[in-house]
Amino acid sequence: MAKELLKGNEAIAEAAIRSGLEAYFGYPITPQTEILEWFSRRMPELGRTFLQAESELAAINMVYGAACTGARVMTSSSSPGISLMMEGISYIAGTEIPVVLVDVMRGGPGLGNIAPAQGDYNQIVHGGGHGDFRPIVLAPASVQESIDLTIEAFELADKYRAVVVVLIDGCIGQMMEPAELPPMQPIQKRNQEWAVTGAKDRERRILSSIYIDPEDEEVINFRLLERWNEIEANELRYKEYFMEDAELVVIGFGTAGRVALSAVRAARSEGIPVGLLRPITVSPFPYARIKKLTELACGMLVVEMNSGQMLQDVLAAVGGKIPIEFYGRMGGVVPLPDEILAEIRRLCYEPVAPSADPRKSWMKRMDIAKN
Amino acid sequence: MGLNPPVETVYKRPETFTQTTTHYCPGCTHGVAHRLVAEVMEEMNLQEKTIGVASVGCSVFIYNYIDCDFVEAAHGRAPAMATGIKRVLPDRIVFTYQGDGDLASIGMAEIVHAAARGENITAIFINNANYGMTGGQMAPTTLPGQKTTSSPTGRDVEQTGFPIRTAEMLATLDGAGYIVRRSLHDPKNIRKAKKSIRLAFETQQRGLGFSMVELLSTCPTNWGLNPIEALQWIEERMLPVYPLEDFKVSPSLSQVRV
């Protein structure tokens, strides 16, 4: 297939279709709506299911029902809509069925705005609804990577009977880039041995997230945890740039990681030995790799489009061994490469103590910048 | 020889009913409603193609009693889950079984939109005028003046509004094919309820749109009545508020003889 100029949201939708998506249920919300609109045209012409639900709450529960039949299904939304879906996500995780979800993040909290942001990191990576479970979270930084990771999301969901979230922001959802779509895959009837399809010529099946006896529920919790350990061992993905001789390391995911790459390139041209780690799975998170990097580097800079939500995971991985700085923009503001370059220079020429609080010193710098 | 005439079975446990006892309180009509659904499934030979959607409430464990594939929905979301199933498996029979807290309070949006879309599913709606499982709190269906654990001096309509007549409301939607209210307070009405459940499943099988049977049911434990008093309470107190009528019957159903 040749490269085409594709919009992120539409590319994700088409990639899902070509992965054999059987049904999509969703609700309009900016900056995600193009996904819904793309499906509204494409799914009926392919004889597949598209339904605009009355709310995100209904959409995720329609997905839940359809997924229980063993069909390949997905939904998509943006931050406030994802909050509404949390109930269903937890039930899906508790029932151990595969579902793919796309979150095109926007500024918040509350109604916030429709500009790109990464404030859902906690709600998705450390949240995902009540109870003990973790979703797999993939964080692409380009239209091509969004396509590739959407395809992979379905495979991971099936493999682990898990919730897989493709986590992007309005920037990746809305921008157009040359990218290549995969060839069309037909719908594969998978006849899952757990699926609820009508008890013909087999024992009946019940799909539920209720385990009224606490001892039984604990068994499920352990099973989910064991599966998670397997995911952590096998599915960790990240990308490194200029890391061979790096003495300083920048860490950022998605759009923030992409903007940081421009800054890292600029810093390299100034002779600063800096590399970039871009987590592709933010869940599971590359704790071990970051820990390893503390032996090679003498300082880290975490860049996010939030108040330092992933920063907490980096701090946990680093364990105070080397100094960490943080730079974030919030509320829908996207950092410019020059802002991050200035932070890389500071990390290089004005090193801080490992004990310094990166969020507090960032706030102080932002305050100075405002005045 | 000739002294013992052959025994004819006139009544038996339906094959679609599991061999177990229910967890319901003595005098509760959930068991009756379950059995009616099971009998209809058996008569229509639907066991192998039916997927039930259990809801949250006392009937959360309905899948222990009706012998077919089941899923268990979140509170109020059974119609959405049923929609998801039916859309990918349109030739299966999909039904929800929901109480009044589930369907008429937290799940009102889902049931209204399923009906409006003409979703080809069947909802069995148990109206017992309170939240049974959590211990008898006020529901949207609670009668004016009715005492519950969250309206201890009786439902004050000035503060908490009025009972919702769900069947009447859903019948205004063009997507609805069959909407009736029946009661389980005596044998005559139980027979009528069964006929209506049959017609609701016939509606679905014929693709005539959304179908719902609202069933007035007892909750003796939370009403503080014995089983017989509870049946009388339906007749005396609930019937004046919730008339037993056919609110919407698709014209195509007139040819169906059950």
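Analyst: Two residues are in contact if their C-beta atoms, placed from the backbone, lie within 7 Å. The model discussed here is a predicted one.

User: How many residues does the contact take from chain A and from chain B?

Analyst: The count is given for each chain separately. Chain B contributes 28 residues to the contact, and chain A contributes 33 residues.

User: Which element gives the largest share of the side of chain A that touches chain B?

Analyst: The elements that give two or more residues to this side are strand E2 (23-26), strand E3 (49-52), H3, helix H4 (79-95) and strand E9 (206-207) of chain A. By class, the residues of the side of chain A that touches chain B are 17 nonpolar, 10 polar and 6 charged. The largest share, 9 residues, comes from H3(A).

User: Which strand of chain B pairs with E9(A), and in what sense?

Analyst: Leu207(A) stands opposite Val71(B), a residue of E2(B). The two strands are joined over 2 bridges, and the partner of E9(A) is strand E2 (residues 69-72) of chain B, paired in the parallel sense.

User: Which are the edge strands of the open sheet of 8 strands?

Analyst: The order of this open sheet is E9(A)-E2(B)-E1(B)-E3(B)-E4(B)-E6(B)-E5(B)-E7(B), and its pairing is mixed. An edge strand here pairs on one side only, and the strands for which this holds are E9 of chain A and strand E7 (246-249) of chain B.

User: Which strands pair with E1(B)?

Analyst: Strand E1 (residues 50-54) of chain B has 5 of its 5 residues buried. Both of its faces are covered, with Thr50(B), Gly52(B) and Ala54(B) on one side and Ile51(B) and Val53(B) on the other. Val53(B) stands opposite Thr96(B) in E3(B), while Ile51(B) stands opposite Asp69(B) in E2(B). The parallel partners of E1(B) are therefore strand E3 (residues 93-99) of chain B, over 5 bridges, and E2(B), over 4 bridges, where strands pair if DSSP finds at least two bridges between them.

User: Which residues does Val99(A) touch, not counting residues up to four places away in sequence?

Analyst: With residues up to four places away in sequence left out, Val99(A) touches Val63(A), Ala67(A), Val73(A), Met74(A), Ile92(A), Ala157(A) and Val163(A).

User: What span does helix H6 of chain A reach from its first C-alpha to its last?

Analyst: Residues buried in H6(A) include Ile147(A), Leu149(A), Phe154(A) and Ala157(A). The helix is followed by Arg161(A), whose phi is positive, near 45°. Helix H6 (residues 143-160) has 18 residues, and 26 Å is expected at 1.5 Å a residue; the span reached is close to this, at 25 Å.

User: How far apart do the C-alpha centres of domain 1 and domain 2 of chain A lie?

Analyst: The contact between them takes 28 residues from domain 1 of chain A and 22 residues from domain 2 of chain A. The side of domain 1 that touches domain 2 has 17 nonpolar, 7 polar and 4 charged residues. The distance between the two C-alpha centres is 29 Å.

Methods. Residues numbered from 1 in each chain as written. Chains lettered and ligands numbered in written order. Predicted model: local features only at pLDDT ≥ 70, side-chain atom pairs only at ≥ 80, totals over all residues. Expected span 1.5 Å × (residues − 1). Buried ≥ 20, exposed ≤ 12 C-beta atoms within 10 Å, placed from the backbone. Nonpolar A, V, L, I, M, F, W, Y, C, P; charged D, E, K, R; others polar. Domains from an automatic or database assignment.
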